Amino acid sequence: MMIACLPGDGIGPEIMAQALRVLAALDLGIETAIADVGGTAYKKHGHPLPPETLDLARTSDAVLFGAVGDPDCDNLERHLRPEQAILGLRSALGLFANLRPATMFKGLEHMSALKPEVASAIDLLIVRELNGDVYFGEKAQRVLEDGRRQGFDFMSYAEDEVRRIAHVAFRAAQGRKGRLCSVDKANVLETSQLWRDVVIEVAAEYPDVELSHMYVDNAAMQLVRNPGQFDVIVTGNLFGDILSDQASMCVGSIGLLASAALGERQTGKGTFGLYEPIHGSAPDIAGQGKANPMAMILSLAMLLRHSLGLEEQAARVEKAVSRALADGITGADLGGSAGTSEVGDAVLERL
Ligand code: NAD
Ligand code: IPM
Ligand code: MN
């Protein structure tokens, strides 16, 4: 088994180092190979996703990804910006299903942005479509006849794209509490109306799952009013991006939420995938040794589970993180004083 490790920019390398310590401690005999991605790759090789990096990802059993994004690169032509690396990987590798779980950790209820009694009920999974939507439509800026500048991004979903993510979400709900909420904006957007129609068609194959629909504006409100009502949420690329950052603060910190991006390719032990924290490169705290590495470590746990079939080891890593949090080991993002490597130490001790 071989894991391609792409640390990326900002806090990416700092948190990746802690995840790799955990992997080493598990002593599973898994090979790792490291490659440049994002702004780091642009500065060295002139492209945020060099062909060698994409090849390495392609030939691996799973990809562990830190974060990309560098303020120095914000004015580059779009195709050269660091963010294109993660979008390029998701699309080139056919990783259309993004699982973003958000669960309250015992002892952390008081750190949620919500009241503890509201936050304690959080146990949800956002299933975000990752290969379509306004992210991948035609986009440009142009000058209109009257001289005004205009920017546009074409939003669309084809029915097969909706169908395949709906199947992933229904199956996830079957393995959980059996409730699926599809989030859209069907009252305004035709893209969303098609989304809703197709989700309803797919629902016929899952009579054991209770399906509901919610407009995204209401979903944002319900997520802070009563997040405990949600089991699985399925939604498009853009809404899923926004709602998952919001869900992270319901749990307590964006430094806690992991994710898996899965496609159809099988590894022999599971499904090939790319695993990354939901947060970005956090340039404001990069290089200061204070980033929370837990989302990265929990992403490694998801990798072990989904791509390598190592459920027991995945659960072991997750338990070590939960115990560190229950013992009050937190960094600045959660009101504590532990640095990145101290949080790593605490997880390793409990492993
Ligand atoms: P961000 O998630 O990087 O940071 C938002 C805030 O959360 C910052 O204050 C940051 O310090 C904090 N934060 C994030 N992760 C943390 C952690 N592990 N521990 C403690 N605090 C943490 O979002 P942003 O500031 O909007 O974006 C910064 C850059 O990252 C941009 O270039 C953006 O495009 C990129 N980005 C990349 C990814 C990715 O690689 N998948 C995801 C989101 C944003
Ligand atoms: C994420 C990020 C990315 C996204 C950006 C960096 C392209 O915000 O992984 O959540 O919007 O998908
Ligand atoms: Mn995001």
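The model is predicted: local features need pLDDT of at least 70, side-chain atom pairs count only at pLDDT 80 or more, and totals for chains, interfaces and linings use all residues. Residues are numbered from 1 along each chain as its sequence is written, while chains are lettered from A and ligands numbered from 1 in the order in which they are written. Ligand 1 has 20 residues around it.

**The sheet**

- Strands and helices are DSSP runs, numbered from the N terminus; a strand (E) has at least two residues and a helix (H or I) at least four. Two strands pair if DSSP finds at least two bridges between them.
- Axes are lines fitted to C-alpha atoms, for helices over the stretch in contact, and angles run from 0 to 180 degrees between N-to-C directions.
- Strand 1 (residues 2-8) and strand 2 run parallel, joined by 4 bridges. Ile3 has Thr32 in strand 2 as its bridge partner.

**The hairpin of strands 6 and 7**

- Strand 6 (residues 139-143) pairs with strand 7 in the antiparallel sense, over 5 bridges. Arg142 has Gln150 in strand 7 as its bridge partner.
- The two strands, strand 6 and strand 7, form a hairpin with 5 residues between them. Gly147 in the turn has a positive phi of about 95°.
- How many of the 5 residues of strand 6 are buried? The number is 0, so strand 6 lies largely in the open. A residue is buried if 20 or more other C-beta atoms lie within 10 Å of its own, exposed if 12 or fewer, and partly exposed in between, with C-beta atoms placed from the backbone.
- Strand 7 (residues 149-153) is hardly covered: the count of buried residues among its 5 residues is 0.

**Helix 8 against helix 9**

- Helix 8 (residues 216-225) packs on helix 9 (residues 237-251) at an angle of about 10°. Their axes are 10 Å apart.
- Helix 8 and helix 9 are therefore roughly parallel to each other. Angles under 35 degrees count as roughly parallel, over 145 as roughly antiparallel, 65 to 115 as roughly perpendicular and the rest as oblique.
- The contact residues divide into 9 nonpolar, 1 polar and no charged. Ala, Val, Leu, Ile, Met, Phe, Trp, Tyr, Cys and Pro count as nonpolar, Asp, Glu, Lys and Arg as charged, and the others, Gly among them, as polar.
- Helix 8 contributes Val216, Ala219, Ala220, Leu223 and Val224. They meet Phe239, Leu243, Gln246, Ala247 and Cys250 in helix 9. Residues are in contact if their C-beta atoms, placed from the backbone, lie within 7 Å.

**Ligand shells**

- Around ligand 1, Gly69, Gly255, His279, Gly280 and Asn292 come nearest. A residue is near a molecule or strand if its C-beta atom, placed from the backbone, lies within 6 Å of it.
- The shell of ligand 1 has 10 nonpolar, 6 polar and 4 charged residues.
- Around ligand 2 are Glu83, Ile86, Leu87, Asp241, Ile278 and Gly280.
- Helix 4 (residues 83-92) gives the largest share of the ligand 2 shell, 3 residues.
- By class, the ligand 2 shell has 3 nonpolar, 1 polar and 2 charged residues.

**Single residues**

- Arg81 sits in the loop between strand 3 (62-67) and helix 4. Arg81 is buried, with 20 other C-beta atoms within 10 Å. Leaving aside neighbours within four places in sequence, Arg81 is in contact with Pro48, Cys73 and Leu76.
- Arg81 and Gly69 are 12 residues apart in sequence and 7.8 Å apart in space, C-alpha to C-alpha.
- Met294 is in helix 10 (residues 294-306). Met294 is buried, with 32 other C-beta atoms within 10 Å. Not counting residues up to four places away in sequence, Met294 touches Gly255, Leu256, Val321 and Val343.
- His47 is in the loop between helix 2 (39-45) and helix 3 (51-59). His47 counts as partly exposed, with 18 C-beta neighbours inside 10 Å.

Notes. Two residues are in contact if their C-beta atoms, placed from the backbone, lie within 7 Å.
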